[in-house]
Amino acid sequence: MNYPDIAILNQRFGTPGRIAFRAGEAGLPIAALVNKAGSCEVSLYGGHVLGYRPTGHGPVLFLSKHSLFEPGKPIRGGVPICWPWFGPHPDDKAQPVHGFARLNQWELRATEYTSETTELRLALTDSELTRRVWPYAFELTLRVWLDDKLNLELTTENRDARPFTFTQGFHPYFLVRDIAAVAVHGLANAPFVNRLTGEHGRQEGALVIGAETDRLYTPPEPRCALLDAGLKRTLALAFSGTDKMVVWNPWIEKARAMKDFGDDEYTRMLCLEPANAGEAAVTLAPGQRHALTLSVQATLA
């Protein structure tokens, strides 16, 4: 895989003190965004937010120490982009889980900044390789920007002559001190599907994690909060473009089975994922667009 020249990226798109590029693991090009409220890093491979640190806080995102930084392999942690299918391919289990967007090099379209914000815009379009597994013309655009929050917006445009249907999601891994001491608020009375068993349920009170968890929720409002007693921090999430959210933690056995994930790392992460999954799949007519957004704000608990 050919990567853009870091010096050229800095010359064309960098701004001292606000936007800079470097070569990361295995030479993957990484953009660093900074403003007065925080900083984040974005890998151009996968359009993948690797880290976010608000001013006055520790890191918000979990990144596995065992993650593979290799072309054709997903990065384990941060905020992967799942597209154009969420989870396993519906018909061909040989295809990569969560689609191909996170396995491709994205094009850097623009950077900009103001006194309050710093922004990066990336794009991914169809190619001969993508059309082999998903036979449609499309354009994905990803905006990542900092204000007092971390904000992401993923826009899908149908550039084909036919309608297409897709599922998708932001898959953020949030760093926690101890999974046993966190609670997710905002899901009370929300119906959910247990993706491990297919059973339906309804959330009673705050969600605490004590076993392998993979649930597709329909929250009463497009927001929730992750309270972490160990870090004395609350993460407030808001999203749009879907009414579904997946909550995932692999727990003990699945953590041990993943080669790019430490055996005990399940204790230090929780995924809260706004997703167009299940009945929330999106169908676009030619020329139509759809946007999925996520914002994350940290406060002291």
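This is a predicted model: local features need pLDDT of at least 70, side-chain atom pairs count only at pLDDT 80 or more; totals for chains, interfaces and linings use all residues.
Local features need pLDDT of at least 70, side-chain atom pairs count only at pLDDT 80 or more, and totals for chains, interfaces and linings use all residues. Residues are numbered from 1 along each chain as its sequence is written, and side-chain values use heavy atoms, without hydrogens or water.

The largest pocket holds about 600 Å³ of space. Its lining has 26 residues, of which Arg76, Val97, His98, Arg102 and Met258 are the closest to the centre. (A pocket is an open set of points on a 1 Å grid over the protein atoms alone, where a 1.4 Å probe fits, with protein on both sides within 12 Å along at least five of seven lines; lining residues have an atom within 4 Å of a point. A volume is the space filled by probe spheres set on the points.) By class, this lining has twelve nonpolar, five polar and nine charged residues. Asp, Glu, Lys and Arg count as charged, and Gly counts as polar.

The second largest pocket holds about 220 Å³. Its lining includes Met1, Phe100, Asp126 and Val133. Strand E7 (118–125) and helix H2 (128–133) each give two or more residues. H2 supplies the largest share, three residues. (Strands are DSSP runs of E, at least two residues; helices are runs of H or I, at least four.) Six lining residues are nonpolar, five polar and one charged.

No disulfides, defined as pairs of cysteine sulfur atoms within 2.5 Å, are found in the whole structure. For Cys40, the nearest cysteine sulfur, that of Cys271, is 18 Å away. Cys40 is buried at 3% relative accessible area, where buried means under 20% with a 1.4 Å probe and protein chains only.

Methods. Buried means under 20% relative accessible area, exposed over 50%, partly exposed in between (1.4 Å probe, protein chains only).
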